[in-house]
Amino acid sequence: MRAAMARRTQDYSVSVDDADDNPEDLDSPEGIETATLAIQKTTSGREEKEIWERPVTNTPYKLPSDGSTVLRFEVQYARIMPIDGHDLKVKRYVVYDLCVRQDSSVIDPNPATIKRRYTDFRNLYMNLKKDYPNEMSTIYFPNKVLVGNFSSGLIAERSTAFEVFLTHVAGHTMLRETPAFLHFLQDNELTKACQYLDERRNENAVPLLEDCFRMLNKIFMDRSRPVLLILCRLVAACCASPVPHHSADRWATLALNRYDTLCDIDLLPLYIPLLHTCAHLWWQRGRDQKQITDRLSDMSKKGITTNNSPTLMQAIHNLDPRTETV
């Protein structure tokens with residue numbers, strides 16, 4: 001297993017449906033030491049956004065020197081939403097930009113970032129506290145407050161608490177493998193991506209699925225179930241249109257390589273549909289399909305049915321039903 005970290009990749013919009021979770025429901029941590037985040041006003045186009053940004057520190061991170069990696073979670077930014085005066089019907093709340101890095105002898109140049117609200121962190125904490133009280137007994141989580149929700153000090157304290165909490169979860173095998181943690185890491189983006197696929201807007205779904213893959217790939221093993229499942233979903237999304245996505249070859253090749261020597265019976269139902277998908281993609285690209293067709297022939301000789309298999313998206317849906325069209 002790998003270790004844990006944090007950073008940002010691509011913006012993920014927060015739905016107005018989350019308005020129930022207003023800032024008055026946020027928690028106030030006590031006794032947590034952290035640097036104060038400085039409030040800034042930045043202008044993007046016509047919009048002025050209020051942002052709390054982690055200040056630059058003069059103390060450099062201690063990077064591993066033994067060839068290992070360290071997983072690091074960091075809240076890089078926190079934004080007050082909606083923008084002041086833009087939607088008076090929605091109570092304001094804070095969105096945290098959570099960055100995940102996998103540092104080695106150098107800082108991870110390709111971090112993954114997700115945007116989460118206080119309730120996302122709290123729901124994860126409450127689920128794990130309920131199911132694993134002993135494993136969570138030493139973890140502090142900030143309580144709700146009625147005032148001061150937008151103060152830089154409070155946001156900084158919460159950010160530190162979130163980072164410590166997630167580092168603990170990712171470093172504990174039992175907690176890391178829970179459905180609650182996987183839900184926290186990917187569900188917002190994956191749900192939106194599946195909605196795009198259902199609407200045949202694959203070009204919008206692919207970037208979100210790429211972000212999900214990068215996030216999970218930093219936290220779980222290369223051939224773990226969550227990573228392979230999201231990778232196959234990404235391949236299916238890239239190949240669902242008559243003209244494959246420009247990154248289809250890259251992700252399909254990676255998926256084939258990840259399936260080499262795989263023994264997880266739960267994920268083998270995806271392998272034959274993946275091979276058929278890649279063979280068709282190779283044909284579309286004018287590439288040699290022999291290596292893929294040879295794999296299918298070898299499996300057929302072993303008595304494995306390789307014809308009349310479901311599509312890759314159908315096989316994925318059988319393992320992890322979502323809203324996308326199958």
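Let's start with two phenylalanines, F141 and F165: both of them are buried. Keep in mind that we are looking at a predicted model.

How buried is F165? Its relative accessibility is 0%, so F165 falls under the 20% limit for buried. Now look at how the two rings meet. The centres of F141 and F165 are 5.9 Å apart and their planes sit at 85 degrees, so this pair is edge-to-face. The two residues come from distant parts of the chain, 24 residues apart, with F141 in the loop between α1 and β7 and F165 in helix α2.

Let's count the ring pairs. The model has 13 aromatic pairs. One of them joins Y125 to F165, again edge-to-face, with 5.7 Å from centre to centre and 80 degrees between the planes. Here the partners are 40 residues apart: Y125 belongs to helix α1, F165 to helix α2. Y125 is buried too, at 11% relative accessible area.

Which residues do ring pairs link into a cluster? They are Y96, Y118, F121, Y125, F141, F162, F165 and F184. One member, Y118, also has a charged neighbour: R158 lies over its face, 5.3 Å from the ring centre. You can find another such arrangement at W282, where R287 lies over the ring face at 3.9 Å from the centre.

Last stop, helix α7, residues 248-259. Its 12 residues reach 17 Å from the first C-alpha to the last, close to the expected 16 Å. Its buried residues include W251, L256 and Y259. What do the buried residues of α7 pack against? Their partners are α5, α6, α8 and α9. Thanks, everyone!

Terms used: Residues numbered from 1 in each chain as written. Predicted model: local features only at pLDDT ≥ 70, side-chain atom pairs only at ≥ 80, totals over all residues. Heavy atoms only, no water. Helix = DSSP H or I, 4+ residues; strand = E, 2+ residues; numbered from the N terminus. Expected span 1.5 Å × (residues − 1). Buried < 20%, exposed > 50% of the residue type's maximum accessible area, 1.4 Å probe, protein only. Contact = heavy atoms within 4.5 Å. Phe/Tyr/Trp six-rings, centres within 6.5 Å; stacked < 30°, edge-to-face > 60°. Lys NZ or Arg CZ within 6 Å of the ring centre and 35° of its normal.
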